[in-house]
Amino acid sequence: MDPTTDNAGPSGDPGTARDALEALRAEIAKAVVGQDPAVTGLVVALLCRGHVLLEGVPGVAKTLLVRALASALELDTKRVQFTPDLMPSDVTGSLVYDSRSAEFSFQPGPVFTNLLLADEINRTPPKTQSSLLEAMEERQVTVDGTPRPLPDPFLVAATQNPVEYEGTYPLPEAQLDRFLLKLTIPLPSRQDEIDVLTRHAEGFDPRDLHAAGVRPVAGPADLEAARAAVAKTTTSPEITAYVVDICRATRESPSLTLGVSPRGATALLSTARAWAWLTGRDYVIPDDVKALALPTLRHRVQLRPEAEMEGVTADSVINAILAHVPVPR
């Protein structure tokens with residue numbers, strides 16, 4: 001993020017909101033080393049009212065990243081550890097019989113929060129994975145025919161291990177398409193790993209973010225002001241056509257069996273607008289689209305088996321498309 005500094009204003013002002021969201025980087029860095037792109041992606045998702053899939057091998061601080069974000073934004077957060085025996089009602093909640101009143105009452109599940117950490121979501125069967133679909137798309141949970149709205153803001157940050165790991169279930173395409181972004185969490189560089197170990201040697205406890213110095217630097221009011229400003233970010237017809245051309249090119253790629261849907265095109269336009277605002281502009285340029293193309297589209301395409309065997313990746317296909325689709329002037 002590259003915020004402007006000449007937009008000072010009272011709390012709730014778009015300029016102040018941008019500065020507050022920019023401060024998240026430094027605050028989360030007190031707990032998580034070297035994951036600026038993931039922090040930015042999570043902020044973009046919050047601005048777009050979307051959800052995020054975090055993928056990386058075990059032990060690269062995916063869970064810690066989400067917990068630090070919730071602390072820095074002063075949001076309520078809950079965590080669900082997805083396991084093979086987890087039931088849908090363990091996520092959404094259920095009706096519980098009260099013997100004293102002889103009535104059933106609704107016991108909310110952990111999904112009733114601002115930031116839900118769905119840890120290792122691909123370790124649970126599809127039936128339980130799909131229990132999140134209504135919550136993610138409709139922002140409500142229906143139990144016994146009664147819809148129950150979820151808090152706002154509401155974001156699902158689901159972590160998953162790469163699917164080749166033992167005991168994982170690939171997420172169905174319908175659910176993958178519900179995630180606004182897929183962020184890959186890489187192994188740290190040598191220097192970042194040294195910094196991590198140094199912090200632990202000095203007493204850092206990842207379970208105690210308060211002791212690590214993580215403090216709220218933004219809140220719901222800043223998010224609302226930022227969302228209102230993003231909604232006013234303008235998009236020219238040429239940029240809209242550029243987004244459509246990129247997504248249509250994925251449907252014609254010989255390396256893919258599944259291209260980006262119109263929902264994916266809408267998502268790319270939305271994330272590009274959020275990125276434009278975060279970088280200090282009220283209009284979208286082609287570079288904004290390019291900057292968010294990989295995290296927005298990589299989980300919405302499906303490789304042909306023969307292409308995958310040849311070492312082709314979703315990212316390489318999207319990069320090739322970005323290199324060939326004409327850029328508007």
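What radius of gyration would a compact globule with 329 residues have, and what does the chain have? A compact globule would come out near 20 Å, and the chain has 20 Å, which agrees. The radius here is taken over C-alpha atoms, and the globule rule is 2.2 Å times the number of residues to the power 0.38. This is a predicted model, so local features need pLDDT of at least 70 and side-chain atom pairs count only at pLDDT 80 or more, while totals for chains, interfaces and linings use all residues. Residues are numbered from 1 along each chain as its sequence is written, and side-chain values use heavy atoms, with hydrogens and water left out.

As for the overall build, the chain has 14 helices and 11 strands. Both kinds of element are DSSP runs numbered from the N terminus, with helices (H or I) having at least four residues and strands (E) at least two. Along the principal axes, the C-alpha atoms fill a box of roughly 70 × 50 × 45 Å. Of the 329 residues, 47% count as buried; that word means under 20% relative accessible area, with exposed meaning over 50% and partly exposed in between (1.4 Å probe, protein chains only). Contacts are next: these are heavy atoms within 4.5 Å. Among the contacts with a separation of 6 or more, 77% come from residues 24 or more positions apart.

Now for the cysteines. A disulfide is a pair of cysteine sulfur atoms within 2.5 Å, and by this rule the count comes to zero. The sulfur of Cys48 is 14 Å from the closest cysteine sulfur, in Cys247, which is too far for a bond. Cys247 is likewise in no disulfide. Cys48 counts as buried because its relative accessibility is 18%, and Cys247 counts as buried at 0%.

A few spots in the backbone are worth a look. Most residues other than glycine have a negative phi, and most peptide bonds are trans. The peptide bond from Asp152 to Pro153, however, is cis, with omega near 0°. Pro153 sits in the loop between strand E7 (146-149) and strand E8 (155-160). Glu120 is not a glycine, yet has a positive phi of about 55°, and this residue is found in the loop between strand E5 (115-119) and helix H5 (126-129). Arg139, also not a glycine, has a positive phi of about 55°. Its place is the loop between helix H6 (133-138) and strand E6 (140-143), and Arg139 counts as partly exposed because its relative accessibility is 22%.

Glu55 belongs to strand E1 (residues 52-55) and counts as buried at 18% relative accessibility. Leaving aside neighbours within four places in sequence, Glu55 is in contact with Lys62, Gln160, Pro162, Lys182, Leu183, Thr184 and Ile185. Thr198, 143 residues from Glu55 in sequence, is 25 Å away in space, C-alpha to C-alpha.

Val91 is part of helix H4 (residues 89-92) and is buried, with a relative accessible area of 0%. Not counting residues up to four places away in sequence, Val91 touches Val80, Phe82, Leu86, Gly109, Pro110, Val111, Thr128, Ser131 and Leu132. Between Val91 and Lys127 there are 36 residues of sequence separation and 12 Å in space, C-alpha to C-alpha.

Gly280, finally, lies in the loop between helix H11 (262-278) and helix H12 (286-297). With a relative accessible area of 29%, Gly280 is partly exposed. Gly280 and Arg18 are 262 residues apart in sequence, but 8.4 Å apart in space, C-alpha to C-alpha.
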